[in-house]
Amino acid sequence: MLLTSRRLRAALLAAASATLVAATPSAAPPPPEPLGIGDPLFPTLGNPGYDVLTYDLDLTYGGDHSKPLDSVTKIDAVTTERLERINLDFTHGVVRSVRVNGEPATFATAGEDLVVTPARPLGAGARMAVTVGHTSDPRGTAGGWVRTTDGLVMANQADAGHRVFPGNDHPADKAYFTFRITVPGDLTAVANGLPEEKNRSGATTTWTYRTHHPMATELAQVSIGKSAVLHREGPRGLPVRDVVPAADAAKLEPWLKKTPAQLSWMEEQVGPYPFETYGLLIATAETGFELETQTLSLFERALFTRPGFEESYVDAIMVHELAHQWFGNSVTPRTWSDLWLNEGHASWYEALYAERYGKKPLVERMRAAYEMSDGWRAGGGPPAAPEPPTPGHQISLFRPVVYDGSALVLYALRQEIGASAFQRLERLWVRQHRDATAGTADFTALASEVAGRDLSGFFRVWLYGKKTPPMPGHPDWRAGTAPANRPGGRDTAPGAAPDTAREQPVKPE
């Protein structure tokens, strides 16, 4: 076919343009960088572009808690946007290999992210199976693994899960977990959820556990040690298992046998226990705190064995961690600024229990908190807008204002709407958001719905005000000042009422 001169010129220009494009090298991809989902307090925590469905953690412990564990983490996820790279939160370990959907992938580190480049981009809505071969290092003091006298436990709150395994380390992305833990035959391994298998092979045993409900990474728990696993029954046949140092089983039994009754009491307050099992993990370690790891709350041995603590004090701490199974674990905060919903509620039910069984009047505790509330707000921000944690000391986020300072908000709310409406709100909250994430706006909207009137003005001043508002029903209460928050995190709450029980260090008398 012959071309006219105009068509010929157009064809020649098109050919020249194509040749130029082909000859120009493609731009180099940008360097890997840490990403985040924009949490106000932890801006690089979590990762955009995917939703994790399941984690499968395979951990091999050789018997020396000063050496890294050989580990494989498998992540099954769904992409929410097109991904040319996959960011995972992971640090403090050595990555040996990564595969995406069965194919080898390249990887690099950026900050505390593991940045993976799959063989081909992933489209939105695609299944994404990532397998990472890595080490999991128990050495260090920034959270994650905690070394005990005979093994290891985990303490991942607030942002230390990615010091143990790669993942999407933000509570907004909950997932189901399977744990396979291989240990020397003389040790016992326990994890969140219920046991699936126990297989011996030569000198080692592999223990498998699986969660029946989704879980945030900060609530993952693995215990390895010379432990006894003690079983009993809770309300409605709930399996209760405690993991304790084997040599202390008899000594700890007076405390452990309290759990079924505490479970029944909490169910009377807010409704059925939300998980497949519960129990206490008592560790021979100086953590400085207790921790509500899902289905298996972590406690220091010294809390139960060191003389000087009132029984009611220890009971209240046990109930604090138990209450978290509803508030924080089943209903998980959407952002870390919503922490007041966790700790305020756990402190609230701890205080109610202390009033009922420890003869510690709630009103006295709340009045003491009210007098110190302005100081707490000045030192750590208001309950729903906390100041960021001290750099390098993330648990400093856990200040007095998120404990009794936030329980005080709940007390004010009960005063404002009445005890009956308040209890209805609490039961609705844990039922409507079970196994999900929820934030402050969700709670305040539900409270207004239950109360039958707009409570936005009430919550605005109580949750975000720099000063503590007048207490409904107590016009004579006066807010004073508390000492400024000192470093040390949630467990060094200055100015706290002396009879309050919260996640705090066990100190000798």
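A residue counts as partly exposed when its relative accessible area lies between the buried limit of under 20% and the exposed limit of over 50%. Arg-120, with a relative accessible area of 47%, is therefore partly exposed. The model is a predicted one, and 21 salt bridges are found in the structure.

**Sheet**

- An open sheet with mixed pairing is built from eight strands, ordered E5-E4-E8-E2-E1-E11-E14-E13.
- Strand E5 (103-104) and strand E13 (194-201) are the edge strands, each pairing on one side only.
- Five bridges join strand E4 (residues 95-100) to strand E8 (residues 127-136) in the antiparallel sense.
- Val-95 has His-134 of E8 opposite it.

**Salt bridges**

- Arg-120 and Glu-103 form a salt bridge through their side chains, with an N to O distance of 2.3 Å.
- Because Arg-120 belongs to the loop between strand E7 (113-117) and E8 while Glu-103 belongs to strand E5, this pair ties together parts that are 17 residues apart in sequence.
- Glu-103 is partly exposed, at 32% relative accessibility.
- A salt bridge also joins the side chains of Arg-334 and Asp-442 (2.6 Å, N to O).
- This pair links distant parts of the chain, 108 residues apart: Arg-334 is in the loop between strand E20 (331-333) and helix H6 (339-358), and Asp-442 is in helix H10 (residues 440-451).
- Both partners are partly exposed, Arg-334 with a relative accessible area of 36% and Asp-442 at 24% relative accessibility.
- The side chains of Arg-365 and Glu-350 meet at 2.7 Å, N to O, in a further salt bridge.
- Arg-365 is in helix H7 (residues 362-380) and Glu-350 in helix H6, so parts that are 15 residues apart in sequence are tied together.
- Arg-365 and Glu-350 are both buried.
- A network of salt bridges links Arg-232, Asp-242 and Glu-253.

- Asp-39 is located in the loop between helix H1 (5-23) and strand E1 (50-60).
- Although buried, Asp-39 has no salt bridge, and the nearest side chain of opposite charge is that of Arg-334, 10 Å away.
- The Asp-39 side chain makes a polar contact with the side chain of His-170 at 2.7 Å and reaches the backbone nitrogen of Leu-41 at 2.9 Å.
- Apart from neighbours within four places in sequence, the contacts of Asp-39 are His-170, Thr-335 and Trp-336.

**Helix H5**

- Helix H5 (residues 311-324) has 14 residues and spans 20 Å from its first C-alpha to its last, close to the expected 20 Å.
- H5 is mostly covered, with 13 of its 14 residues buried.

Definitions and conventions: Residues numbered from 1 in each chain as written. Predicted model: local features only at pLDDT ≥ 70, side-chain atom pairs only at ≥ 80, totals over all residues. Heavy atoms only, no water. Pairing = 2+ DSSP bridges. Helix = DSSP H or I, 4+ residues; strand = E, 2+ residues; numbered from the N terminus. Buried < 20%, exposed > 50% of the residue type's maximum accessible area, 1.4 Å probe, protein only. Lys, Arg positive; Asp, Glu negative; His and termini not counted. Salt bridge = Lys/Arg side-chain N within 4 Å of Asp/Glu carboxyl O. Polar contact = N/O pair within 3.5 Å; in protein donor to acceptor, adjacent residues only side chain to side chain. Contact = heavy atoms within 4.5 Å. Expected span 1.5 Å × (residues − 1).
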